[in-house]
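Subject: Structure handover

Hi,

Here is the structure I promised to pass on to you. Please open it first, and then read my notes below.

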Amino acid sequence: FALACTTALAQTSCPHFLLESPMVVNIEGFFINEKLSRVSLDVEWRHHPEALDTFFVNQPDHQPFNFITAGEYRYMEFPNAKVKRQLGTHHLKEHIGETPLKLDDMELLANGQFLCRDYTIQKPNILSTAFSMAWWSLVADSLPHPTKVAMNGVHHEKRIFTIRQWRNYSGEMLPTLVKVENERYSGELWIRSAYTVQALQADPLKNSVEGKPTPP
């Protein structure tokens, strides 16, 4: 029965990837959180459409961790403590440190798990999530390169992404500077660099990731 349900769910999921090819993306975020405190984070995202995705997350005054997901399972590694934490889908509602971002945001980036669109009802720019624990839908003002995206989630939570510019990185179009806000927080996400996985050894920012394990 469980296998049948899983198969049925899989048939209704139509992944929408931000990245279609293996890429390494370095992201910086700066926010004023719900406590009116300034917080920041640095994320290196290694995307592999057909395998594990790994996010290396660093924050001031917080223990660094790696978030690894393959869609059907996920876990966190804490390199300094040599600890691994298995994660269920309900854990995806957790915030990343004191930032407004959640583990579910990385899960959606990695796996693009959205329901297949009902062409008789749903508009092309409305995407409903398939397995998200934090967000129910994503609404873009236009596709494929929107300038404004609204996300709606649990407890009527909403947030707006305002995309100021799109740029071509090794054949992939990515938003370079994104403002994120709702009534309780605000901030900006900035892509510092993006390149193919094959170019990792030639990364001009390699010193910032020295010593990190290479994901499968």
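A word on accessibility before the findings: a residue is called buried under 20% relative accessible area, exposed over 50%, and partly exposed in between (1.4 Å probe, protein chains only). Please keep in mind that this is a predicted model, in which local features need pLDDT of at least 70 and side-chain atom pairs count only at pLDDT 80 or more, while totals for chains, interfaces and linings use all residues. Residues are numbered from 1 along each chain as its sequence is written, and side-chain values use heavy atoms, with hydrogens and water left out.

Let me start with the disulfide, meaning a pair of cysteine sulfur atoms within 2.5 Å. The count by this rule is one. Its partners are Cys14 and Cys116, with 1.8 Å between their sulfur atoms. This pair links distant parts of the chain: Cys14 is in the loop between helix 1 (2-11) and strand 1 (23-32), and Cys116 is in the loop between helix 2 and strand 7 (126-128), 102 residues apart. Helices (H or I, at least four residues) and strands (E, at least two) are DSSP runs, numbered from the N terminus. The disulfide is right-handed, because the torsion about the S-S bond of Cys14 and Cys116 is about 90°. Cys14 is partly exposed, at a relative accessible area of 27%, and Cys116 is also partly exposed, at 33%.

Next, the aromatic residues. Rings of Phe, Tyr and Trp (its six-membered ring) pair if their centres lie within 6.5 Å; planes under 30 degrees apart are stacked, over 60 edge-to-face, and the rest tilted. The structure holds three such aromatic pairs. In one of them, the rings of Trp45 and Phe55 have centres 5.5 Å apart and planes at 10°, so this pair is stacked. Trp45 belongs to strand 2 (residues 38-47) and Phe55 to strand 3 (residues 53-58), so the pair ties together parts that are 10 residues apart in sequence. Trp45 counts as buried at 1% relative accessibility, and Phe55 counts as buried at 1%. Phe55 also pairs with Phe67: their ring centres are 6.1 Å apart and their planes at 55°, so this pair is tilted. It links distant parts of the chain, with Phe55 in strand 3 and Phe67 in strand 4 (residues 65-69), 12 residues apart. Phe67 is buried, at 0% relative accessibility.

Two rings have a charge over them, which requires NZ of Lys or CZ of Arg within 6 Å of the ring centre and within 35 degrees of the ring normal. Lys84 lies over the face of Tyr75, 4.6 Å from the ring centre. The charged end of Lys102 sits over the ring of Trp135, at 5.3 Å from its centre.

What about helix 2 (residues 103-111)? Eight of its nine residues are buried, so helix 2 is largely enclosed by the rest of the structure. Among the buried residues are Leu103, Met106 and Leu108, along with Asp104, Asp105 and Glu107. Just after helix 2, Gly112 takes a positive phi of about 50°.

Finally, a look at Ser37, which is found in the loop between strand 1 and strand 2. Ser37 counts as partly exposed, at 27% relative accessibility. Its C-alpha atom is separated by 9.4 Å from that of Thr99, 62 residues apart along the chain.
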